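Open the model in your viewer and keep the selection tool at hand. The stops below are given in the order in which to select them.

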Amino acid sequence: MATRPAKKAIFEQFAADGISVMFGNPGTVEQGFLDVLEDTPGFRYVLGLQESAVLGIADGYARATGGPALVQLHSGVGLGNGVGLLYQAKRGHSPLVVIAGEAGMRYEAMDGQMAVDLVAMARPVTKYATRVTHPGSVLRVLRRAVKIAMTPPRGPVFVALPMDVLDEDTDEPAVASTVPSRATVPVPEELERAAAVLRAARRPVVLAGDGVSVSGAQEELARVAEALGAPVWTVNSSELTIDTTHPLHRGDLGHMFGEHSAAALAGADAALVVGTYLFPEVFPLLTSPFAEGTKIVHIDLDDYEIAKNLPADVALVADPKPTLAALAALLGPARPVPAREPAEAYGETMTDLFAGELAARTGDGLVIFDEALTASPALLRRLPPRRPGTYFQTRGGSLGVGIPGAIGIKLARPEAEVVAFTGDGGSMYTIQALWTAVRYGVAARFVICDNRRYQLLDDNLEQYWRERGIAAHPHPEGFDLSHPQIDFVRLAASLGVPAVKVSKPAQVEAAVQRMLAAPGPFLVDLITT
């Protein structure tokens with residue numbers, strides 16, 4: 001292989017791995033390789049105006065394509081801005097390959113401007129973090145990063161690239177990274193152990209998470225649940241694990257309070273846990289929510305999560321899809337499934353009306369990114385997720401993922417109708433992502449469920465009061481977003497996105513029609529108070 005500067009060779013490596021787009025926000029210490037990018041045929045740079053927006057767009061792109069998605073941040077300041085969304089990617093196992101520049105190895109002892117230990121900053125919020133120190137290993141390190149990001153359990157990785165190292169020549173060949181297959185199935189004896197535990201149960205329950213969607217095991221999960229006649233609860237789930245209209249689907253256990261999980265699981269004598277861990281709430285119970293003697297079968301490719309908090313009777317480090325298929329064959333035919341109880345009556349909220357009108361005007365191909373949080377129940381009622389790849393939620397607790405996430409999904413799947421639902425508070429974390437949608441002609445749609453509050457904080461505080469016997473009283477002033485009132489229509493217009501405000505039911509139909517007919521991005525400020 002002929003020698004060439006490492007800053008040029010890295011794009012040969014990205015091409016070898018099928019990576020042709022970089023999501024980023026530029027900086028001086030990255031200028032060397034960004035300059036080369038401009039002359040690299042077939043390579044695209046997608047500019048975001050702040051690192052959180054950049055990472056949110058890349059995260060949506062990775063989730064829609066299966067990754068990897070390449071992200072460029074600017075040294076320590078850029079990495080610092082992006083830490084929250086990197087944590088989101090880590091909790092959600094998004095395969096992001098994140099790079100950032102440094103002034104150079106030669107300045108190591110100078111403690112200069114922006115000098116910081118990037119690897120130490122990145123390590124807590126990534127699956128792997130490292131720094132290139134020699135031009136002869138740049139491509140090797142990048143291949144290792146791609147391999148680690150893409151090997152289940154997937155996750156974000158970080159590589160620091162000092163400018164002087166990239167300026168040096170390398171003769172490393174650019175070859176595709178090796179991503180080992182983990183499509184493993186347990187040996188028959190272990191599968192039979194799991195089947196025996198589940199067969200013996202009289203009141204089994206299934207707890208499923210994002211490991212099911214990553215594996216593409218939705219159909220196999222449904223078959224096992226039907227063979228057991230077991231209700232299915234989703235746990236720490238941000239994508240589809242089972243058709244939400246399936247009669248065995250019971251909903252999500254929630255992410256805040258362990259007492260809610262315990263109430264849902266009361267009476268179960270066995271649990272099949274697939275692609276998630278027990279339990280991921282913000283305030284989990286410190287004791288088991290299961291009744292004494294409840295048996296647990298846990299299947300996941302992430303061995304760290306198995307029996308992390310609660311012991312398992314059968315623990316299988318295996319790919320959910322083939323493992324559930326084999327388990328379904330052992331368990332036999334489906335049991336009769338009782339008819340689903342009629343849904344609880346709900347009022348026609350503005351979110352109900354809007355989502356219902358959207359459902360009436362779109363087909364099965366509609367893709368939803370749901371960051372609406374307190375408005376989510378209405379979305380699930382009117383737009384129940386049924387097919388893999390059509391529903392995405394926030395994960396990891398970071399606000400501000402809805403708008404950029406939808407942009408990333410639409411970039412990956414331009415033929416799809418992609419609509420993000422977010423809140424007024426959450427939208428303001430990454431509202432500048434609208435500019436990126438306009439710059440690159442990304443015709444995603446954005447609906448801000450505008451209640452002029454951090455409503456979820458109101459709800460959680462009221463739970464806190466109830467638990468501690470505290471009398472109800474006015475919510476903290478810091479939860480209020482009504483003053484000054486944010487004019488989302490004018491704000492969107494300033495970033496190039498046409499928008500409309502919807503405050504009355506009679507305005508819903510025309511707003512949905514106008515949104516879907518727009519040739520580019522469009523925003524709806526939906527007043528939900």
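Start with F354, which is buried, with a relative accessible area of 0%. Keep in mind that this is a predicted model. F354 belongs to helix α13 and F421 to strand β17 (residues 418-423), so the pair ties together parts that are 67 residues apart in sequence.

Next, select the whole of helix α13, residues 350-361. This helix has twelve residues and spans 17 Å from its first C-alpha to its last, close to the expected 16 Å. Which residues of α13 are buried? Colour M350, T351, D352, F354, A355, E357 and L358 to see them. While looking at the helix, recall that an α-helix has 3.6 residues a turn, so residues three or four places apart point the same way.

Go back to the rings. The structure holds seven aromatic pairs. Select F279 and F290: their ring centres lie 6.0 Å apart with planes at 45 degrees, so this pair is tilted. Both residues sit in the loop between β12 (270-274) and β13 (295-300), so the pair links parts that are eleven residues apart in sequence. F279 and F290 are both buried. For an aromatic cluster, select F11, F14 and F43 together.

Now select D319, in the loop between β14 (314-317) and α12 (320-331). Is D319 buried or exposed? D319 is buried, yet has no salt bridge. The nearest side chain of opposite charge is that of K321, 8.2 Å away. Leaving aside neighbours within four places in sequence, show what D319 is in contact with: R182, A183, T184, S215 and L301.

Move on to the largest nonpolar core, which has 53 residues. Those with the most contacts inside this core are F23, F158, I407, L434, F446 and L523. Helix α3 (residues 51-65) supplies the largest share of the core, seven residues. A second, separate core has 33 residues, including A6, I19, L37 and A145.

For the last stop, centre the view on F446. Apart from neighbours within four places in sequence, F446 is in contact with I403, A406, I407, A420, L434, A437, P521, F522, L523 and V524.

How values were computed
Residues numbered from 1 in each chain as written. Predicted model: local features only at pLDDT ≥ 70, side-chain atom pairs only at ≥ 80, totals over all residues. Heavy atoms only, no water. Core = buried A, V, L, I, M, F, W, Y, C linked by side-chain atoms within 4.5 Å. Buried < 20%, exposed > 50% of the residue type's maximum accessible area, 1.4 Å probe, protein only. Helix = DSSP H or I, 4+ residues; strand = E, 2+ residues; numbered from the N terminus. Contact = heavy atoms within 4.5 Å. Expected span 1.5 Å × (residues − 1). Lys, Arg positive; Asp, Glu negative; His and termini not counted. Salt bridge = Lys/Arg side-chain N within 4 Å of Asp/Glu carboxyl O. Phe/Tyr/Trp six-rings, centres within 6.5 Å; stacked < 30°, edge-to-face > 60°.
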